[in-house]
Amino acid sequence: MRPRHLIAIAAALLLFAGGLTGIMAAAQSGEGQQFAQQGRGDGGGRGRRGGGGGNGGGRGQPVVLDAAQLAALKAQYVAPKTVPHPADNAPSAARLALGQRLFFDPSISATGKLACASCHDARRGFSDGLERSIGVKGTPLARHTQTVINLAWSKIFFWDGRASTLEEQAVMPINTEDEMGMPHDLMVATLRLDPAYRRQFDAAYPGEGLGVATVGKALAVFERSLVFTNSPFDRWIAGDENAISEEAKQGFIQFNTRGGCFQCHSGWNFSDDGFNDIGIPTDDLGRFAIAPGKGTRHAFKTPSLRNVAERAPYMHTGQFASLRQVIRHYDDFERRASLSPKMRNVRVGRGANIIAFLETLTSPTPPELIRLQEELDRRLGLAPRATFSRAVQTTSR
Ligand code: HEC
Ligand code: HEC
């Protein structure tokens, strides 16, 4: 155990909520004191862009960890080797094939022109590149499309957490009027007209049949197969020193120290699977509309940062076109009563290293899924890669 005073310093920093024991050792050294100074420096009344923190080494200085500290930190980012599944919906080849077919099938929408994959596009980190996606009515939805990768580890769904299982969530967009607009009974009737689908449902869910519940289950099995843990960052964590740049390594350290990002984007999937208000100007009440209470107003689900470089624009509003704009937000955000107290510990400056780090989090998308996406374009008569006309820059500099 570490001496009590060190724990007190860590608490003062409020940077160690994630149990960063390796970094806690830094409190013993000069850097730790420097963090502490920076942590105390502003007491909440932080300056505007470019200000704040201005003491000690300043926010432009690299954060230095010794080899043992860095190793302890990296050990916390090892991605799991197995995928969790609910007991009543274990994966099988038949379930996966069925779920995949449904995910890329526009015939389960009112117009026959919108699949799950239209908005959750395999070429764009399973988001759509739009500020707000367009549903069957041709009008923008209320919020930006979330990614659907690595959701096997998530326990609550949508920006506001209004669904609590993937199975339950999966059928909700289908009959939501401005999304896919297809009543569930009509969806089931449409699928039953197809003998291949009837066979597939029988093989995948014998005795359960083709119904709303099995559509949700099959889609959930497919979504749990979208595991993205094979990025340059993961290779670095596994020991390949050349997998990422020195800037990205420094960015990773900043992310986990004075950047304060790890407080919410925690662990190998870079999400606490919870809800936080980060001061995005918005009228949207977010989590508060579902669960009124302290700390839920304007709070939104913390997105995973996996494949984030492919997923511009960002936030539930889709208002930031690049990672640079995201960083600018973390340097200068709206202060309001509901703001997460963790935002007091965010020190990001220009964030060039953090951006370099975020860009190492992209795992390759299986070519088979890219192929299905292109096939969907052809089926809908869309030009390749022109599914959506408004191209958004995906790199940030
Ligand atoms: C018209 C675009 C559109 C279509 C079509 C669509 N989605 Fe979504 N999806 C969204 C948007 C927008 C959100 C966020 C909505 C919110 O939080 O209010 C979302 C959220 C989700 C989430 C929650 C992710 C998380 O981290 O909580 C999942 C899962 C999901 N969609 C799966 C699907 C599936 C499965 C289908 C097909 C049955 C589908 N979506 C069809 C736009 C779409
Ligand atoms: C208090 C918790 C919290 C902290 C601290 C935090 N984030 Fe976030 N982050 C969130 C939440 C919540 C969202 C989504 C907010 C929204 O849409 O309104 C988000 C969104 C993002 C996004 C956009 C992802 C997407 O898919 O749209 C990026 C990139 C990001 N954060 C990076 C960072 C970085 C880098 C830091 C540190 C400088 C950081 N975050 C600190 C909670 C946090």
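A residue is buried if 20 or more other C-beta atoms lie within 10 Å of its own, with C-beta atoms placed from the backbone. This is a predicted model, where local features need pLDDT of at least 70, side-chain atom pairs count only at pLDDT 80 or more, and totals for chains, interfaces and linings use all residues. Residues are numbered from 1 along each chain as its sequence is written, and chains are lettered from A and ligands numbered from 1 in the order in which they are written.

**Exercise 1.** Find the buried residues of α14 and say how they are arranged.

*Solution.* Start with the helix, a DSSP run of H or I with at least four residues, numbered from the N terminus. The buried residues of α14 are L323, V326, I327 and D331. Seen down the axis of α14, they fall within an arc of 145 degrees (taken from the directions from the helix axis to the C-beta atoms), so they line one face of the helix. Their cover includes α15 (352-358).

**Exercise 2.** Describe the surroundings of ligand 2.

*Solution.* Count first: 27 residues surround ligand 2 (C-beta atom within 6 Å of it). The closest are C261, C264, Y314, M315 and H316. Next, sort the shell: 17 nonpolar, 8 polar and 2 charged. Last, find the main contributor: helix α14 (residues 323-331) gives the largest share, 3 residues.

**Exercise 3.** Explore the largest nonpolar core.

*Solution.* Such a core is a set of buried Ala, Val, Leu, Ile, Met, Phe, Trp, Tyr and Cys residues joined through C-beta atoms within 7 Å. The largest has 38 residues; L102, F103, A218 and L219 touch the most other members. Helix α11 supplies the largest share of this core, 6 residues.

Conventions: Helix = DSSP H or I, 4+ residues; strand = E, 2+ residues; numbered from the N terminus. Nonpolar A, V, L, I, M, F, W, Y, C, P; charged D, E, K, R; others polar. Buried ≥ 20, exposed ≤ 12 C-beta atoms within 10 Å, placed from the backbone. Contact = placed C-beta atoms within 7 Å.
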